Amino acid sequence: MKSRPNSLRWFACLAAAVFALSVVVGEGADPYSLPEGDNKILKEFIEKLKKMRPKTRKDYIPHRKKSGRAIIDAATRILESEPDEALALEMTSTKLGYLKKLVVYKEGDIQAEYAGFVETVSKDARPAIASLGQQYSLLLQTEDLKEDGDKFVSRAAEVFGDKIDRSKMSLLFGIGRALEGKGQKEVAADFYRKLGPQVIKSEDANVVRWGKKFEGMARLIELPGKAMEIKGKALSGEEID
């Protein structure tokens, strides 16, 4: 009768040891390795990587590169399974977003992969997915804008439409900043001024707040080098005109 508690303690110790061993093994596993499984497992993997943070500042860029590549590969596998349109749109947006993030490191064929996927998505038969590709296509064009500025801005207004959410707002902001960075100041000012009214129609208060800033951003671009009309009286009482 007294041996039962001892046997229970033995089993408890064994279970604790097995658990500790499993934790150690889990920590040593490659967190960026693409799992086998269905779309549910792949989506969970993507979400886990999005939340993962590097342990040190030194690990930031390696983590960003590895997690970005793993997320792109997981999204690609889901898209290859021909999911319903809602999931296809979500994974297309995820893949485009992370390709854009990795392009800055200019490694391998990432630029060609990014541009090729944008082109493919832009031609998708599903309007919502094609529109997403066209939005990214506008961002890519800012690298070397050959299109007439007025036409570019008009096309952007048509492609983005009135229903601006945070992901679209991020792209719009990126396009505007890219135009400024490439010296296309007049196009950028026109872009901010014409897209602003569309942005403030958003149902998201944060997006609306940014839309209201677009007009001010346009004015700031146009201000340098412009003559200012000053009228009034000097301290001496003489009229200034």
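Which residues of helix 2 are buried? They are L42, F45, I46 and L49. The model is a predicted one.

**Helix 2: length and start**
- Helix 2 runs over residues 39-51 and has 13 residues.
- At 1.5 Å a residue, helix 2 should span 18 Å, and its end C-alpha atoms are 19 Å apart, which agrees.
- Where helix 2 starts, the backbone nitrogen of K40 has a side-chain oxygen of D38 within 3.2 Å.

**Helix 2: buried and exposed sides**
- The buried set of helix 2 consists of L42, F45, I46 and L49.
- Viewed down the axis of helix 2, these buried residues fall within an arc of 100 degrees, so they line one face of the helix.
- K40 and K51 are exposed, on the other side of helix 2.
- Helix 3 (60-80) and helix 4 (85-103) are among the elements that cover the buried residues of helix 2.

**The largest pocket**
- The volume of the largest pocket is about 470 Å³.
- Its lining is made up of 19 residues.
- Of the lining residues, S93, L132, Y136, S167 and K168 lie nearest the centre of the largest pocket.
- At least two lining residues come from each of helix 4, helix 6 (127-141) and helix 8 (166-181).
- Helix 4 gives the largest share of the lining, with seven residues.

Definitions and conventions. Residues numbered from 1 in each chain as written. Predicted model: local features only at pLDDT ≥ 70, side-chain atom pairs only at ≥ 80, totals over all residues. Heavy atoms only, no water. Helix = DSSP H or I, 4+ residues; strand = E, 2+ residues; numbered from the N terminus. Expected span 1.5 Å × (residues − 1). Buried < 20%, exposed > 50% of the residue type's maximum accessible area, 1.4 Å probe, protein only. Arc of directions from axis to C-beta. Contact = heavy atoms within 4.5 Å. Polar contact = N/O pair within 3.5 Å; in protein donor to acceptor, adjacent residues only side chain to side chain. 1 Å grid on protein atoms, 1.4 Å probe; cavity = no way out; pocket = protein on both sides within 12 Å on 5 of 7 lines; lining within 4 Å. Points joined across faces, edges and corners; volume = space filled by probe spheres on them.
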